Amino acid sequence: MTSVLIIEDEVNLSRILARVLEEEGFQALVEYRGDSGLETALASAPDAVVLDLSLPGMDGLRVCRELRARGLRMPVIMLTARDAVPDRVRGLDHGADDYLVKPFAIEELIARLRAHLRRAGEPNERLVVADLVLEPSARRVRRGGRELSLTAQEFDLLEFLMRHRGQVMSRQRILDHVWGYEAMPVSNIVDIYIHYLRDKVDNSNKAKLIKTVRSVGYVLRT
């Protein structure tokens, strides 16, 4: 049964959503706080998450960012009373797949959930930059046909750079998305892991893909 985690502090709304989802054939899980919702998501890995933006314990943006930092790729639909464009953009930038402004029609939420779940069930795409190929579902990386052995953190860092190919990523943004808000790594952890990746991805190839933008961060491009 397809599971949907609802993280929403409005008790009545949470109960209505859970009831309707179960009537539609979903298994509904409910949490009322951001921190406990994150723990449940990490423990149960639901098929989708319905996430309120304003939550006690931890706001929805931080919950979503941490889910993505931990490698969870399930669809996340964010709920909020804020309808300003910058708020919607922030939610999407933090890893949300969709955005609904309260009040909303529950039928629309169900339709969007089904659409995102259909797309999530399609074969996972390959990320390709030049002769570098990364397969997210299989967690495999090849360069010029040669398979590379990466640690979990190196893989997540490379995937993040490849998903943002051509875009300069600051050290802070890399830190937030790959290590997450809870991490307290050494100050130069991003530079250390970029060095590790270059050893495996670039050093045996004439074409260098991982480039430094001085005083800003890093970019992956041909």
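Tutor: Let's begin with burial: buried means under 20% relative accessible area, exposed means over 50%, and partly exposed is in between, with a 1.4 Å probe and protein chains only. This is a predicted model, where local features need pLDDT of at least 70, side-chain atom pairs count only at pLDDT 80 or more, and totals for chains, interfaces and linings use all residues. Residues are numbered from 1 along each chain as its sequence is written, and side-chain values use heavy atoms, with hydrogens and water left out.

Student: Okay, so why is E159 called buried?

Tutor: E159 has 4% relative accessibility, so it counts as buried. R163 comes out at 34%, so that residue is partly exposed.

Student: What does the salt bridge of E10 and K102 tie together, and why?

Tutor: Their side chains meet at 3.0 Å, N to O. E10 lies in the loop between β1 and α1, and K102 in the loop between β5 and α5, so the pair ties together parts that are 92 residues apart in sequence. K102 is buried at 18%, while E10 is partly exposed at 41%.

Student: How do you know that E135 and R140 form a salt bridge?

Tutor: Their closest N and O atoms are 4.0 Å apart, and the pair is counted as a salt bridge. By this rule the count comes to 20 salt bridges.

Student: And why does N205 count as buried?

Tutor: At 16% relative accessibility, N205 counts as buried. This residue lies in the loop between α8 (189-201) and β11 (210-213). Leaving aside neighbours within four places in sequence, N205 is in contact (heavy atoms within 4.5 Å) with D131, R143 and R146.

Student: What makes the length of α5 close to the expected one?

Tutor: The expected span is 1.5 Å times one less than the number of residues. Helix α5 has 15 residues and reaches 21 Å from its first C-alpha to its last, close to the 21 Å expected.

Definitions and conventions
Helix = DSSP H or I, 4+ residues; strand = E, 2+ residues; numbered from the N terminus.
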